[in-house]
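Below are my notes on the model you sent, as numbered points. Please read them beside the sequence and the coordinates.

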Amino acid sequence: MSTKKHLAFLLMDAPYEQARTTTGLRLIDLALKKGHDVTVFCYEGAVALAFAKQAPHANAVHGRDVEQEDHPNPKDWIAALVKLAAEKGSKLTWIQCGLCVDERGVGEAVQGTVRGSPADFLKAVETADNTLVIPTQ
Amino acid sequence: MRGYLLIESRDSFEGTSHFFDLARSLAHEAKEGPVTLFLVENGVLPARRCYASEQLAALAKDGVEILADEFSLRERAIGRERLIPEVKAVALDAALDLLVEGRKALWH
């Protein structure tokens with residue numbers, strides 16, 4: 001009997017603001033590492049997590065250049081999750097709420113993400129073995 | 001029984017009593033299956049021996065399993081020796097395994 005499961009996650013927080021996003025991405029990473037299929041629906045500010053134009057920056061206060069600062073960008077974490085899924089033979093479906101994307105002008109997303117609507121989240125919930133909603137505060 | 005996975009990400013100063021009440025109520029309904037309270041991020045702070053940890057100890061007496069994310073504890077420099085005995089430090093894998101097991105999951 002296959003132990004592969006399908007988990008659905010809903011993220012809502014914008015990047016660089018809350019630890020909730022980090023924990024959500026940690027759970028998604030673990031699920032993929034264990035060979036499960038994952039659907040992520042990004043709603044509201046979370047659609048900016050995959051925005052392709054995020055750029056690392058230097059830290060003038062501490063006198064560090066871009067390389068020394070090594071500032072993480074969530075788009076790179078998402079790209080890494082897409083790569084991890086391919087390596088593990090898992091299916092990662094990363095859906096960006098289209099209206100939320102348009103409102104924020106963050107239509108250029110990293111490869112491996114698709115545009116969708118809350119109806120796609122409903123479909124994911126209906127087909128997933130379990131769902132975790134990580135709401136904004 | 002599917003049971004419940006309640007994930008607490010907030011410190012007690014941010015208002016957790018209603019979520020703890022929910023955990024207690026679900027634990028009293030034995031037919032609902034086991035109830036696990038998973039502490040993560042600032043949610044791990046009451047796991048230290050302090051006035052707020054009394055609420056967690058009481059929950060454990062009511063049958064709620066209480067787990068705390070090791071990573072969140074390390075981020076906050078909370079060693080295992082500072083945890084009350086009712087709280088077990090675990091990797092985040094434990095929460096994922098409960099999700100995979102099919103526990104109904106709620107995040108606060």
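**Notes on the two-chain model**

1. The side chain of B:Ser72 reaches the backbone nitrogen of B:Glu41 at 2.9 Å. B:Ser72 is placed in helix H3 (residues 70-75) of chain B; helices are DSSP runs of H or I with at least four residues, strands are runs of E with at least two, and both are numbered from the N terminus. B:Ser72 is buried, at a relative accessible area of 1% (buried means under 20%, exposed over 50%, partly exposed in between, with a 1.4 Å probe and protein chains only). Leaving aside neighbours within four places in sequence, B:Ser72 is in contact with B:Val40, B:Glu41 and B:Val44, where contact means heavy atoms within 4.5 Å.

2. On provenance: this is a predicted model, in which local features need pLDDT of at least 70 and side-chain atom pairs count only at pLDDT 80 or more, while totals for chains, interfaces and linings use all residues. Residues are numbered from 1 along each chain as its sequence is written, chains are lettered from A and ligands numbered from 1 in the order in which they are written, and side-chain values use heavy atoms, with hydrogens and water left out.

3. Chain B has four helices and five strands, and along the sequence they follow the pattern β-α-β-α-β-α-β-α-β. The radius of gyration of chain B is 13 Å, close to the 13 Å that the globule rule gives for 108 residues, so chain B is as compact as a globular protein of that length (the radius is taken over C-alpha atoms; the rule is 2.2 Å times the number of residues to the power 0.38). The C-alpha atoms of chain B fill a box of roughly 35 × 25 × 25 Å along the principal axes. Buried residues account for 54% of the 108 residues. Of the contacts in chain B between residues at least 6 apart in sequence, 75% join residues at least 24 apart.

4. How is the interface made up? In chain A, 19 residues are in contact with 20 residues of chain B, and the two chains bury about 1700 Å² between them, 64% of it on carbon and sulfur atoms. Buried area here is the accessible area (1.4 Å probe) that two parts lose on being put together, summed over both. In chain A, A:Arg26, A:Asn130 and A:Leu132 lose the most area to chain B, together 30% of what that side buries.

5. Between chain A and chain B there are three salt bridges (a side-chain nitrogen of Lys or Arg within 4 Å of a carboxyl oxygen of Asp or Glu). A:Lys34 and B:Asp93 form a salt bridge through their side chains, at 3.4 Å from N to O. On the side of chain A that touches chain B, strand S1 (6-11), helix H1 (19-33) and strand S5 (130-134) each give two or more residues. The largest share, seven residues, comes from H1(A).

6. Helix H4 (residues 93-101) of chain B has B:Ala95, B:Leu96, B:Leu98, B:Leu99 and B:Val100 as its buried residues. Their cover includes S1, H1 and S5 of chain A, together with strands S1 (4-8), S2 (35-39) and S5 (104-107) of chain B. After H4(B) comes B:Gly102, with a positive phi near 105 degrees.

7. A:Leu32 lies in helix H1 of chain A and is buried, with a relative accessible area of 0%. Not counting residues up to four places away in sequence, A:Leu32 touches residues including A:Val38, A:Leu81 and A:Leu92.

Terms used: Polar contact = N/O pair within 3.5 Å; in protein donor to acceptor, adjacent residues only side chain to side chain.
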